[in-house]
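Here is my note on the model, in numbered points. Please read it with the coordinates open.

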Amino acid sequence: MKKISVIALAGMGLLLASCGDKKSDTATASQEQTVAEKQGAVFAVDVAASKVNWKAFHKGGFAPRWGTLAVSTGELSVADNQLTSGEFVIDMKSIKVDPASVTEKDKKYTDLEGHLKNEDFFNVEKFPTADFKITKVEDLAAGAQNAVEGANKTVSGNLTLLGKTMNVTFPAKVDIVDKSATLKAQFTVNRADWGIKFGTDETDPAEWMISKDIEIGIDVKADQK
């Protein structure tokens, strides 16, 4: 049975964001697209140096909770010093809540971690991984707002979560230096696009007290094989 608690209501979140005060733009979400073909050299993701950050809120931005997810495997493809394709897998069982985000004396961050893993939210036993596969990389148009600092590309990719795949588009900072590549991004998604909900319907207090916004931060580093 679903139990309503302040920590659960505030803690809805995934994958992916920076814990700063600046709010990132909502990523454009659409139907699944064709994955980009591998071109050029393959760079293996350094899983020890890569991660996905997430941040979620009560309605109105109150009582934020944030934490991290581990990247378990992945690769990026680079041709002519440009990112052409790539994918990585997120270990949903690795979801962590930053203790600093749980300030109530009667709440424990470990309780929230357990709740996020169960059937009320991400059901990690049934869906132990999520993944992101690049479908397109383009130069970022001038004047992009609320992007990660130094953003120079627009990246689109298929994000699969709870078994559902949606294509998302967001600004990113891509750097290719010698035999290493980095991909950094910060954006917001609507959890409802993936069917993520806690309440039984929109009128359920367990649902409407949680913001649908999830801030995601991608920080992936890869080295040429």
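1. Start at Asp80. At 77% relative accessibility, Asp80 counts as exposed (buried means under 20% relative accessible area, exposed over 50%, partly exposed in between, with a 1.4 Å probe and protein chains only). Asp80 sits in the loop between S4 and S5. Its phi is positive, about 50°, although Asp80 is not a glycine. Most residues other than glycine have a negative phi.

2. A word on the basis. This is a predicted model, in which local features need pLDDT of at least 70 and side-chain atom pairs count only at pLDDT 80 or more, while totals for chains, interfaces and linings use all residues. Residues are numbered from 1 along each chain as its sequence is written, and side-chain values use heavy atoms, with hydrogens and water left out. Helices (H or I, at least four residues) and strands (E, at least two) are DSSP runs, numbered from the N terminus.

3. The turn that holds Asp80 belongs to a hairpin. S4 and S5 form that hairpin, with 2 residues between them. The two strands run antiparallel and are joined by 11 bridges (two strands pair if DSSP finds at least two bridges between them). Thr73 stands opposite Val89 in S5.

4. Val42 has Ser77 in S4 as its bridge partner.

5. Asp178 also deserves a look. Its phi is near 55°, a positive value in a residue other than glycine. Asp178 is in the loop between S8 and strand S9 (180-190). Asp178 is exposed, with a relative accessible area of 72%.

6. Which residue meets the side chain of Glu75 in a polar contact? The partner is Lys225, through its side chain, at 3.4 Å. (A polar contact is a pair of N or O atoms within 3.5 Å; within protein, one must be able to donate a hydrogen and the other to accept it, and residues adjacent in sequence count only if both atoms are side-chain atoms.) Glu75 lies in strand S4 and is buried, with a relative accessible area of 14%. Leaving aside neighbours within four places in sequence, Glu75 is in contact with several residues, among them Lys38, Val42, Phe43 and Glu87 (contact means heavy atoms within 4.5 Å).

7. Glu75 and Lys225 also form a salt bridge, the closest N and O atoms being 3.4 Å apart (a side-chain nitrogen of Lys or Arg within 4 Å of a carboxyl oxygen of Asp or Glu). Glu75 is in strand S4 and Lys225 in the segment after strand S10 (210-224), so the pair ties together parts that are 150 residues apart in sequence. Lys225 counts as exposed, at 67% relative accessibility. The structure holds 7 salt bridges.

8. Another salt bridge joins the side chains of Glu125 and Lys93 (3.6 Å, N to O). Glu125 lies in the loop between helix H2 (109-117) and S6, and Lys93 in strand S5, so this pair ties together parts 32 residues apart in sequence. Glu125 is exposed, at 62% relative accessible area. Lys93 is partly exposed, at 38%.

9. Asp106 and Lys107 meet through their side chains in a salt bridge too (4.0 Å, N to O). Asp106 counts as exposed at 62% relative accessibility, and Lys107 as partly exposed at 24%. Elsewhere, salt bridges that share partners join Lys38, Glu75 and Lys225 into one network.

10. Now the aromatics. The count comes to 3 aromatic pairs (rings of Phe, Tyr and Trp, the last by its six-membered ring, pair if their centres lie within 6.5 Å; planes under 30 degrees apart count as stacked, over 60 as edge-to-face and the rest as tilted). Phe88 and Phe132 form a tilted pair, 5.7 Å centre to centre with 35° between the planes. Phe88 lies in strand S5 (residues 82-97) and Phe132 in strand S6, so the pair ties together parts that are 44 residues apart in sequence. Phe88 is buried at 4% relative accessibility, and Phe132 is buried at 2%.

11. Phe132 and Phe170 form a tilted pair as well, at 5.8 Å centre to centre and 45° between the planes. Phe170 is in strand S8 (residues 164-177), and the pair links parts of the chain 38 residues apart. Phe88, Phe132, Phe170 and Phe187 form one aromatic cluster.
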